[in-house]
Structures are given as C-alpha cells and as structure tokens.
Amino acid sequence: MEEMEEELKCPVCGSFYREPIILPCSHNLCQACARNILVQTPETESPQSRRASGSAVSDYDYLDLDKMSLYSEADSGYGSYGGFASAPTTPCQKSPNGVRVFPPTAPPPPAALAPPPPPRNACLTCPQCHRSLVLDERGLRGFPRNRLLEGVIDRYQQGRAAALRCQLCEKAPKEAAVMCEQCDVFYCDPCRLRCHPPRGPLAKHRLVPPAQGRVSRRLSPRKISTCTDHELENHSMYCVQCKSPVCYQCLEEGKHSSHEVKALGAMWKLHKSQLSQALNGLSDRAKEAKEFLVQLRNMVQQIQENSVEFEACLVAQCDALIDALNRRKAQLLSRVNKEHEHKLKVVRDQISHCTVKLRQTTGLMEYCLEVIKENDPSGFLQISDALIRRVHLTEDQWGKGTLTPRMTTDFDLNLDNAPLLQSIHQLDFVQMKVSSPVPAPPILQLEECCTHNNSATLSWKQPPLSTVQVEGYILELDDGNGGQFREVYVGKETMCTVDGLHFNSTYSARVKAFNKSGVSPYSKTLVLQTSEVAWFSFDPASAHADIIFSNDNLTVTCNSYDDRVVLGKTGFSKGLHYWELSIDRYDNHPDPAFGVARIDVLKDAMLGKDDKAWAMYVDNNRSWFMHNNSHTNRTEGGITKGATVGVLLDLTRRTLTFSINEDQQGPVAFENLEGLFFPAVSLNRNVQVCALAMLWSTTATILSELVLEVTGPFQS
C-alpha cells in the first residue's frame, strides 16, 4: 500500500488530493491547486473568438500547444504553459514533487471566504504532461470530480490509522483480532471465545481480519456521480466517442446525439475486465522485477565477497613480486660488493708493489749519492760502471704503465631496469584483457594537425604502452557550427586530409580506434580553424595536355592553335558565386570562351560544344552564349587585351550571367542549372587568361564522398 502513496498526491501541492478534478489528459489536480495555476488570457482571445477564427483548442486538441510549451521551456528555462503567443511568460517554480508549475497570480483567499470565480478567459496547463487547454464559461466546474480517487484516498488514510481495539473489553481495550461482519463488532481473542462462540446460530457468521472489516464497515453505498453539464441528472449512459459518462439530457440536447453510446453498467464491467487483464500483465512484470531485485541483491553480496577474495589474491601476487624483487636486489648488491672487494684488492696490491720498488729505488739513490762523495778515483771507477747500469735498469723498471692505476674508481655496472619498469607499467589483469580487449583511445598529434584553405589534416597515434591490436580508425568532424559529428574517414591510416570544409569556420575533430572486440572511447576533441579566404587556381590534373600553366596555376595559355579547356580546382553545387578573369594576351582575334562545366567536359573542343558546359565565347566585337553547340543571345560588345570577364553563378535561382568590364552581356544567359559546376575556360595559343579574384562566394561544395560545404572567396 505504501508504494501507492505517490499516486494519491497532487503534483502541485504535494499533499493528498482534496476535491480532485479530472483533466482531459486523464491527470488529476486538487480543485484549489487548479484555481491557483490558471493563467488569464487577453479579452480579445476568448474561447469564443478562438473558435470563430478557426484556432479553437478543444480539451483533446492540444498537441501543438504542448510542443510550444516544451520548446519554450527547453530554450529559456521558463514555461509558457498557456501555449499561446499572447500568453504571459511567467517564471515557473517547482512543486514539492519536483513538477514545474506557475505560481498563483494572486494571494490565496482566506479560508473563511468563498474562492473567487476563475477569470473569464483563462487557460490551464497540466503540470505533469504540460498539455494546455482553454476553459469555457463553466470554468473549473466543467471538469468532472474524481470521486473514485477520493474513496481510494479515504481508505488509504484509514488503513494507516492506529490498530483497531476490541469493542467488548471492559477496562483497557485489547487489540482486535477479528471482526464479525453480521454483528459488526470487533473482538479480541478472549472476548470472541466468550461472547461469540463458533457454535449454534453464531457458527454461520463470517469472521474477517480487522483491516478487512474496517474497510467493509467504512464502505458506503456507491455514489452515483452527477453530470457536469446538468447537475441534477445522474450519469446513465457512456459516450464511446468522448469516452465519458453522460446523462439522458446530453443525448437529447444534441451534444452527444450523433455519438455512439452504451449502457453505463456494461461499460463499467467491460473496463473493469480490461483493467484486470492489463494488471495481470503488469503483475507479471512486477514479479519479474522483484525476482530481478533479489538477483541484484545477491550479486551485491557476491561482488563484495569476490572483491575481498580478489583483493587478497592481488595483495599476495604483488607481495610475491616484491619478494622476488628484494631477492634480486640482494643478488645485485652481492655483485656490487664483489666488484668493490676486487677493486680494493687490485689497488692495494698495486700500492704494496709500488711501495717496495720505491723503497728499493730510494735506497739505490742514497747509495749512489754516498758513492759520489768519495774522493778515491780508482775505487770509484771500479764500481761506477756497474752502478750506472743498475740506475738505468731501475729507471727502466719505472717505465710506461708502472705509475698508472690498474683499476678505475668507477663501477663498471649499469642496472638495466627499463624492461622491468615497462613490465610494471603493463602489469594488468588478464581477465580484463580477455573480457574487454578494445583498443585504447588514440592520441591526436597536435604538432602534425593543421588547416590549409578549406582543408584540414589530422594525425593521430596509439598510446605508447598499448598492446591491443588495432584494425582501423574512425575520424569524425562536426558541421563547423557546433552541430552533430559525422564520420569522414574509416581506415587503417593514422593521417587524413579532409577537403571541402566551410571557409572561416571552426571545426571539432575526434578519432576512435576499433578492432573485432569493439570500439575504443573517443580521443580528446581538437578544434580547427579554416582559412578566411580561398585562393583561386586552375587544375592541371583535369586540364588538356596542351594547356600551359604559370604564376602558380593562376595564369593559363595554350601551345596549340586549337581550343583547349581548363577547369578550376573547386566545384559549386549551391549558393551564389562570382569571379573575374583578366585577358592578358589577345592576338589575331581568337575566340576564347568563359563559363562553367562539368568535371567530364570535353577538353579538346571549344567550351559549350557539348552538353557538359555553359559558356560565353567572344571576339573583339560580339559575344555569344553557347551550350551543346547551340548559339543564343548574340550581343554587341567584345573583348580586347586587358579586358575583364565576370561570371555570376547563382545556384539558388539556378542561373548563369556574364559581364565584360562590369557591363552585363544581355539578359540571363542560362537557366535551370542544377548539379556540380567548375569554373571553366577554353583558349588557344593566341590567348592568355589570368584568374584575378573570386569576389564573393556564399557556398561551394567539393565533389567527394563526404559532400561537405565550403564558403568564401578565392584569391583576393
């Protein structure tokens, strides 16, 4: 029963419903709360005027108004619950149940005073589903009162009252154990045995639990609800179309005369049966949910037990590693001590040997000095030769390397701990790698990511210590305006260049890796800024072989006397675009052509000879428009050296217009243009053309699988 309490509380005041009314959306409101959240509409927008103008909002026709309310609330945090453009926008507040509602437009009246009537023109919005409706002249009286809900609330509150007491105890009444429906008396066990023995005439009485007996005692005869339109008439029929009980006057006065009606009792039993069937399915779901909750609670206990066991295992494994490392440390320290003893022994032996030799050398030197002091020549000469030899021999014994240390003070040991450190860093749970071997998020290499014109180059790599195999990457970009991300590359490469972006726009990029087991999380988002200006150049890749390029592909001519076609690098599929071309050389009156073409236009014929080009070709006196080898709109006015040809491509209106030296040549040259077009020129060796500037360009689209838009001028 306690789970039902939220169903019995008003969404506005948070308390149990008091005099609840039923809204057309099937939700309920306290009558006082409904009066408090009424919103008054202007007098000029009364319900009658709305119905007369065809914009009436019935009790069930409020879907559009509901959308307006939701959008306004989502955008600004304020709820326009009236659902009308003229409804006042009032900051909303939250009820105790967390539902947004309007505050009362005026302080509530004192309890002793009768509530004021609702405004003549008012609208009401359900706080739960936000559906709005306009009240008619009856106001809140037009909504039926939910007497069934009142009865449920009354029984619920009675069920929460104190325990029933025996009615026959003389002094301190004991708690009742049963109730006799025929006697209408509550008994405790001693009083039941004494006053209501289960024999004789009382044996046929029905004893029920106290709670059930209290409900049966409190149940009053079923109240027959009255019609909201005819308060003196009871509901006797049920309108199937309006889904509401009606009286016989509603049928006679014509409001429901053409509707299908059925007996109230039959529909009551039918809907009870349908509700019971629906409750059976819901009961099954509730039973499954209870079993699922038991399963989850068991899982919580099992997780806690497994966590303790796993932590103990992990600590034991790490302690084993630490013990092994300590043993290895002791072994390495032993080697260091051995090296230490060896170095000391070598140095000490060298000290002892050098000391002995030095003593011998010093003794010889002192002896020689004493011999030199003798004045007997013959005696000196007898030993001088042998003494000189001994001195030279002793000196030779102190030769190279004798006075050099045999051992260095440095220890020739270098601990290689890099593999162990790497293994420690890679130390992980085998279970995790087996159950979820998805790649780690890639790392965007900022030093290699850049933008050029309307292109962006991005580079990424896997984390250095990642050992999970990667099968490919997915690069995503937004639309340059903070919108939704979309895939622009899927493959194994770790670098990608995306062409055809908007000029002067900020893009966000991110990348993720994938393999057979799944997809990694996204990398960090990188923000890229495209160029503000697009540089114009002709395209050598698609041009005829006789075309000669210079000036960084901005200037073109030809080495043939026949006409050859060259296209620009950028194509347009939408928007408004204008560019200019300068005539740098014009000899022997050739006939160059300027315009737009498809990517597969003929390159060895004059522009406009096939159905893939729309062009204006000119000489020094006249100009013609040509498409599919058909000449139209011959106009006066040609070109000379230094002239400027302008091309205006309006794909919004699907038209193409030409100008020479800023003078428009005739009317619109071509109409009904649709598709992808590239700037195009056809010329021979007597003409040289230079692309001056693309003065403006609102939208351009590169021909690619991505179909991304670019905007901005060419070279300026």
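Visitor: Is glutamate 288 buried, exposed or partly exposed?
Guide: This is a predicted model, in which local features need pLDDT of at least 70, side-chain atom pairs count only at pLDDT 80 or more, and totals for chains, interfaces and linings use all residues. Residues are numbered from 1 along each chain as its sequence is written, and side-chain values use heavy atoms, with hydrogens and water left out. Buried means under 20% relative accessible area and exposed over 50%, with partly exposed in between (1.4 Å probe, protein chains only). Because its relative accessible area is 41%, glutamate 288 counts as partly exposed.

Visitor: Which residue meets glutamate 288 in a salt bridge?
Guide: A salt bridge here is a side-chain nitrogen of Lys or Arg within 4 Å of a carboxyl oxygen of Asp or Glu. The distance between N and O is 2.9 Å, and the partner of glutamate 288 is arginine 285.

Visitor: How many salt bridges does this rule give?
Guide: Side chains of opposite charge can pair when their charged atoms come close. Counted by this rule, the salt bridges come to 15.

Visitor: Which residue forms a salt bridge with lysine 512?
Guide: In this pair the closest N and O atoms are 3.8 Å apart, and the partner of lysine 512 is glutamate 476. The pair links distant parts of the chain, 36 residues apart, since lysine 512 belongs to strand β20 (residues 506-515) and glutamate 476 to strand β17 (residues 472-477). Both residues are buried, and the name asked for is glutamate 476.

Visitor: Is aspartate 619 buried or exposed?
Guide: Aspartate 619 forms a salt bridge with arginine 622, with 3.6 Å between the closest N and O atoms. Arginine 622 is partly exposed, at a relative accessible area of 23%. Aspartate 619 has a relative accessibility of 10%, and therefore it counts as buried.

Visitor: Why is strand β16 largely enclosed by the rest of the structure?
Guide: Strand β16 covers residues 455-461, and it is largely enclosed because, of its seven residues, the number buried is six.

Visitor: Which residue of β19 is the bridge partner of threonine 457?
Guide: Two strands pair if DSSP finds at least two bridges between them. Strand β16 and strand β19 (residues 495-498) pair in the antiparallel sense over four bridges. Within β19, the bridge partner of threonine 457 is threonine 497.

Visitor: What phi does asparagine 453 take in the hairpin of β15 and β16?
Guide: Strand β15 (residues 450-452) pairs with β16 in the antiparallel sense over three bridges, and threonine 451 stands opposite alanine 456 in β16. The hairpin has two residues between the strands, and there asparagine 453 takes a positive phi near 55°.

Visitor: In which order do the three strands of the open sheet lie?
Guide: The edge strands, each pairing on one side only, are β9 (185-187) and β10 (207-208). Three bridges join β9 to strand β8 (residues 178-180), and these two run antiparallel. The open sheet has antiparallel pairing, and its order is β9-β8-β10.
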